[in-house]
Amino acid sequence: MPVLYRLTQSTRLGSLDGQNCTKIEYMRIALTHEQADFDALGALLGAHLLDESLLPVLPRRINRNGRAFLTLYGADLPFVDPRDLPSEPIESVLLVDTQSLVTLKGLSSHTRVQVVDHHTPRPDLPSEWSVNLGHTGACTTLLIENLQEQNGTGLTPSQATLLLLGIYEDTGSLSYAGTTARDARAAAYLIEQGADLSVLATFLNPPLSTQQLSVYESLLKNTRTLTIHGQTVVVACAEAPDIRDEISSVAHKLREVLDPDGLFILVTTGEGIRLIARSSTDRINVAAIAAVFGGGGHERASAALIQPERTGTLESTCQTLIDLLPAQVKPTITVGQIMSRHPRLLSPHTSVHEAAQLMARYGYEGYPVVQDGEVIGLLTRRAVDRAINHKLNVNAASLMDAGSVHVEPGHSVEHLQRVMAASGWGQVPVIDQERGEIVGIVTRTDLIKTLAPRMGEPSPQNLASRLEAALPPARLALLKKVATEAYHHHNAIYIVGGFVRDLLLERPSLDFDVVVDGDAISLARSLSTHLGGRVISHGRFGTAKWHIADDCDRIATSLAEPDPSTGDSPYPNRLDPAALPDSLDIISARTEYYEHPTALPTVERSGIKLDLHRRDFTINTMALRLDGRHYGELHDYWGGLNDLHHGLVRVLHSLSFIDDPTRLLRAVRFEQRFGFAIENRTLELMKEAQTMLKQVSGERLHHELDLILAEERAASMLARLETLGILSAIHPALMWKPAEMAGLPTPGDLQAAATWQLPQGLAGLSTLQAVRYLTWLGPLPLNQLTALGQRLKLHGGLMQALKDLNHLLSFLPGLESAPASQVVHRLDKCSLLAIFTAYWLTPRAEERLPLQHYVLTWRSLFPTLDGHDLERRGLPPSPAYRTILDSLRNAWLDGKIHSVEEEQIYLEELIRQENHPSA
């Protein structure tokens, strides 16, 4: 929130009535723009309320409804007429709702200027000005926020009403797209302060005056309606040299009557040609257009005063504007861009039960009913559910909403909105008229996601530069080759999921999956033919794994070869074969459904949009297109970018956790890894689905736990799972109590134990994962540990290490006073990972010391003699060998022998005892 800095002063003004006025050394004033509206007047009042030493000077021209308000309520307000200002130098000026300083007696080069505004900054602002800009619908909001922060000054009803008029006028009573939550909070505060809403109804959008009505009728007769990039734009011109009233109310009236996407009116007045521009869409930025004529304002509302000598006559200025519009109006989003391809269609003979199965399988709320290629109706889930509840055995033709509603791929989303509103259909078929085919379906959800404003930073439309900066040259060259091959196959190809998410978070990885909107197996085989490698495919799932590890050198050389058409190579240096992946997964775009909760999904081919919809969370649903001219395009159908910017983990649909309860663990993993928050509705769905974890196999559960224990923030993930009740939902013995349990070892802890020479992994886990499992579960009571191992189907090697640790912790306190031979005898039966974990878990140095001695010294201490030596001494092979060798080792460990000579003497004694046990 911008802060309105108070300007220092040393002498205050007295009364301005001429009777009690003291001598003025300098003045401090607040100004706004000419033809002031309620927002300008409200901001002017707010500036004075913040600092009463500021004189709020009215502009020379005020809009008609503003003048009417001041006529009735001006006596209660502190405004000063510029003609009443003393002829004294102006020390400082606060500009509100404008960035232009009007000429005023008393201004000089020494006058300090501060700006508080909500418009985009002018490029030519003087560098010595202090500028505070805020992103709000009304400038008045910025001043009110400062009032509340400063001291919550109490307002009179007339002050609160004028301030609220300022917010309501510039935000369309809080309905314009540029309205922010800050405007709404400021409005609520003013209503609490006594703003009179009945007064607002009187002064907002008053009836047109006689002059304004004449201009309105003239403009209405001289309108030109243009269709530019799918947007309806109205340009109207009129001559009104004698008009004194403001023209914005006329524009408002025209907009109500004509309802265009963009409105531009040009009116010749005594001061020049006035341009008033209004927009109802982000695709027409009227502020940018007005700036061409020296004006400015909001993206949805702006104005300019054009001097005749700048552009010529009204007609030539109008033509200049029309010529400018095609370059300024952004192309509309079309139905073809948001529709889902390969739609499911029903015949009129489809039974109600078959329709119900399809709706449950794919989650759609409605299906077009088609006969002989023609749309004859729409069957909705509501109609199907009612028929089943009433036990009706009917078909689609009997239940559908009859009609032939459809749209075309080139239609705008605004046209789609009108079609949906008129028909009531929430799922509209998309027909390619040239081919006479139904090529897609577009839903109410698609439309809402498209029309909903995206808060935060704008969506990057192309990530090519980020992609190329993230990948090594060899891997990038391989990816481009795959994209080129897909282009030749007329297939769209994408990188999807976590790679795109991490690229946007500026923490890119080198692992990615490639999805083809077509035949992935055919593409992989073509790549293998041209470059090398071998392909393993799975026809049922439409997936192929292209193995290239054995051909990396040849493939790297081929990728660096010059382009035959130009002779140029983008890679003048040899590509590093080691930077290529061992293999590349190439997947056909597919959708999936679950026959029953917790089942593995059944897969079917589909388009990229539905492929992304089958994923777990919105932040994982973005795709980066690579083929042809689309190289680097970001595709975000499900709001992933918005949630990424807001740090939210949001599930895609309400049954997602029911379909796959392991997503409960995944949600927490992503939340903690990125420092995000799980979205509120997603949290509710997680709580509702926890009981479904009982039906998930142990293998799938421990796979998710494996992934968590590999994460840097594994401990916080387990703590969050505990808080949410997810661990206990898996098994009552599974818990994470930080106050009672040790933390988890870090990679640094393992590096510090390099001298231990720990094994590189256990049972398919990394060393870090294995030690973290031992740290977490090893101290549990043995019966609970055994039950957990059975529930999670933990690998036998991991379970043995867990039991070793469990047993070791039980006798560890007795080892500190035990002889070395006894320590070795106990620890030789334990896995090294269990010993390290016991060492890490044990805070007492006395208990740690035997473990350290064992690992670093004792475990590698053995006799110099072996069984061959015993055989040469005449002892026949027998179990006595083990007894003698163990005794020798114990003697070395316990310090009974210290040299080879002493070992020989001790051996003689052992042999004598073996030969003469009674001696």
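**Cores.** I started with the largest nonpolar core, which has 130 residues; Leu467, Leu665, Met686, Trp776 and Leu777 touch the most other members. I keep in mind that this is a predicted model. I picked Leu467 and listed its contacts, skipping neighbours within four places in sequence: Leu476, Leu479, Ile495, Phe499, Leu503, Leu624, Leu626 and Tyr631. Apart from this core lies another one, of 44 residues, with Phe38, Leu70, Leu94 and Cys139 among them. As background, I noted that nonpolar side chains tend to be buried together in soluble globular proteins.

**Seven-stranded sheet.** Next I traced an open sheet of seven strands, and I read its order as S20-S21-S22-S19-S18-S25-S26, with mixed pairing. Which strands stand at the edges? I found strand S20 (534-538) and strand S26 (633-635) there; each has a single partner strand, so one side of each is left without a neighbour in the sheet. From one strand to the next, the twist averages 30°.

I then zoomed in on the S26 end. Strand S25 (residues 623-625) runs antiparallel to S26, and three bridges join them. Leu624 stands opposite Leu634 in S26.

Helix H19 (residues 473-488) lies across strand S18 (492-496), S19, strand S21 (543-547) and strand S22 (583-588). Against S18, I get an angle of about 145° for H19.

**Three-stranded sheet.** I looked up another open sheet, this one of three strands in the order S13-S14-S15, with antiparallel pairing. Strand S13 (366-371) and strand S15 (401-402) are at the edges with a single partner strand each, so one side of each is left without a neighbour in the sheet. Two bridges join strand S14 (residues 374-380) to S15. For a landmark I took Gly377, which stands opposite Ala402 in S15.

**Strand S3 and its partners.** Is strand S3 (residues 90-96) mostly covered or mostly open? I counted it as mostly covered, since six of its seven residues are buried. I followed its pairings in turn. Strand S1 (residues 27-31) pairs with S3 in the parallel sense over five bridges, and Met27 stands opposite Ile90. Strand S4 (residues 112-117) also runs parallel to S3, joined by five bridges. There I marked Val93, which stands opposite Val113 in S4.

**Val57.** I went on to Val57, in the loop between strand S2 (55-56) and helix H2 (64-73).

**Asp432.** Asp432 belongs to strand S16 (residues 427-432). I have Asp432 as buried, with a relative accessible area of 17%. Beyond residues up to four places away in sequence, Asp432 touches Pro409, Glu437 and Val439.

**Positive phi.** Most residues other than glycine have a negative phi, so I looked for exceptions. Glu506 has a positive phi of about 60° although it is not a glycine. I placed Glu506 in the loop between helix H20 (498-504) and strand S19 (513-517), and Glu506 is exposed at 66% relative accessible area. Gln757 is another entry, with phi near 55°. I located Gln757 in the loop between helix H31 (747-752) and helix H32 (767-777). Gln757 counts as exposed, with 63% relative accessibility.

**Helix pair H36/H37.** Last stop. How far apart are the axes of helix H36 (residues 832-841) and helix H37 (residues 845-856)? I get 9 Å, with the helices packing at an angle of about 145°. The crossing of H36 past H37 is left-handed. On the H36 side I listed Leu832, Ile835, Ala838, Tyr839 and Trp840, which meet Arg848, Leu851, Gln852, Tyr854 and Val855 in H37. Sorted by class, this contact has eight nonpolar, one polar and one charged residues.

Methods
Residues are numbered from 1 along each chain as its sequence is written. This is a predicted model: local features need pLDDT of at least 70, side-chain atom pairs count only at pLDDT 80 or more; totals for chains, interfaces and linings use all residues. Side-chain values use heavy atoms; hydrogens and water are left out. Axes are lines fitted to C-alpha atoms, for helices over the stretch in contact, and angles run from 0 to 180 degrees between N-to-C directions. Helices (H or I, at least four residues) and strands (E, at least two) are DSSP runs, numbered from the N terminus. A crossing is left-handed if the near helix is turned anticlockwise from the far one by less than a right angle, and right-handed if clockwise. Contact means heavy atoms within 4.5 Å. Ala, Val, Leu, Ile, Met, Phe, Trp, Tyr, Cys and Pro count as nonpolar, Asp, Glu, Lys and Arg as charged, and the others, Gly among them, as polar. Two strands pair if DSSP finds at least two bridges between them. A nonpolar core is a set of buried Ala, Val, Leu, Ile, Met, Phe, Trp, Tyr and Cys residues joined through side-chain atoms within 4.5 Å. Buried means under 20% relative accessible area, exposed over 50%, partly exposed in between (1.4 Å probe, protein chains only).
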